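Here is a friendly walk through one structure, from its strands to its helices. Have the sequence and the 3D view ready.

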Amino acid sequence: MIEDFTNMVEKSLNLSEPWYVKGTEFHLEEPAIHIFLDIRKRAKIACPKCGGETKRYGYELHERVWRHGDCMFYPTLVHCRRPKVLCPNCGVQQVNAPFERKDSRFTLMFEGYAMLIMASMPIAKAAKALRCDEKSLTNILNYWVEKAFDERKLDDVKKPCN
Ligand SMILES: [Zn+2]
């Protein structure tokens with residue numbers, strides 16, 4: 001028996017205070033593992049835009065769900081309603097979770113693993129291995145390839161000598 005399953009889940013999601021695992025459920029009929037997260041009610045949160053002090057401003061309206069790396073071969077889904085904050089400089093801001101890339105339905109760890117799989121097989125095969133649709137994988141691939149391309153330093157590139 002895993003004595004500290006919650007700890008394992010927190011580590012795999014890069015969670016630390018004030019974020020915490022509220023509960024985990026296994027649904028055999030799906031089958032899938034569901035992880036529910038929250039953030040401590042009274043925790044102070046820095047403004048995601050300017051880093052300044054904020055006041056808490058409730059939560060986003062709808063729960064978000066991210067696909068995480070499979071656990072014991074069962075698809076694993078992370079559920080969370082992320083908090084909002086009120087910053088005196090920036091207004092109301094949505095706080096992102098430590099494991100997410102903005103607007104992605106997959107955790108960063110899932111995306112990292114998917115990139116590794118896609119590096120060694122065609123996307124259609126990777127989609128089967130990851131039990132994920134090809135379109136989502138293509139989106140993940142495009143995002144990280146474009147990001148790597150944007151971040152390439154072109155300062156050192158010199159005009160070739162004639
Ligand atoms: Zn701010």
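Gly23 sits across from Phe36 in strand 2. This belongs to the antiparallel pairing of strand 1 with strand 2 (residues 32-39), which runs over eight bridges; strands count as paired if DSSP finds at least two bridges between them. Helices (H or I, at least four residues) and strands (E, at least two) are DSSP runs, numbered from the N terminus.

A word on the source: the model is predicted, with local features needing pLDDT of at least 70 and side-chain atom pairs counting only at pLDDT 80 or more, while totals for chains, interfaces and linings use all residues. Residues are numbered from 1 along each chain as its sequence is written.

Stepping back, the open sheet has four strands in the order 1-2-5-4, with mixed pairing. Its edges are strand 1 (19-27) and strand 4 (64-71), each pairing on one side only. From one strand to the next, the twist averages 25°.

Helix 1 packs on this sheet and touches strand 1, strand 2 and strand 4; contact puts C-beta atoms, placed from the backbone, within 7 Å. Here are two angles, taken between N-to-C directions from 0 to 180 degrees, with axes fitted to C-alpha atoms, for helices over the stretch in contact.

| Pair | Angle |
|---|---|
| Helix 1 (residues 5-12) and strand 1 | about 115° |
| Helix 3 (residues 123-130) and helix 4 (residues 134-151) | about 110° |

The axes of helix 3 and helix 4 lie 9 Å apart. These two helices are therefore roughly perpendicular (65 to 115 degrees). Where they meet, helix 3 brings Ile123, Ala124, Ala126 and Ala127, and helix 4 brings Glu134, Leu137 and Thr138.

Conventions. Contact = placed C-beta atoms within 7 Å. Parallel < 35°, antiparallel > 145°, perpendicular 65-115°, else oblique.
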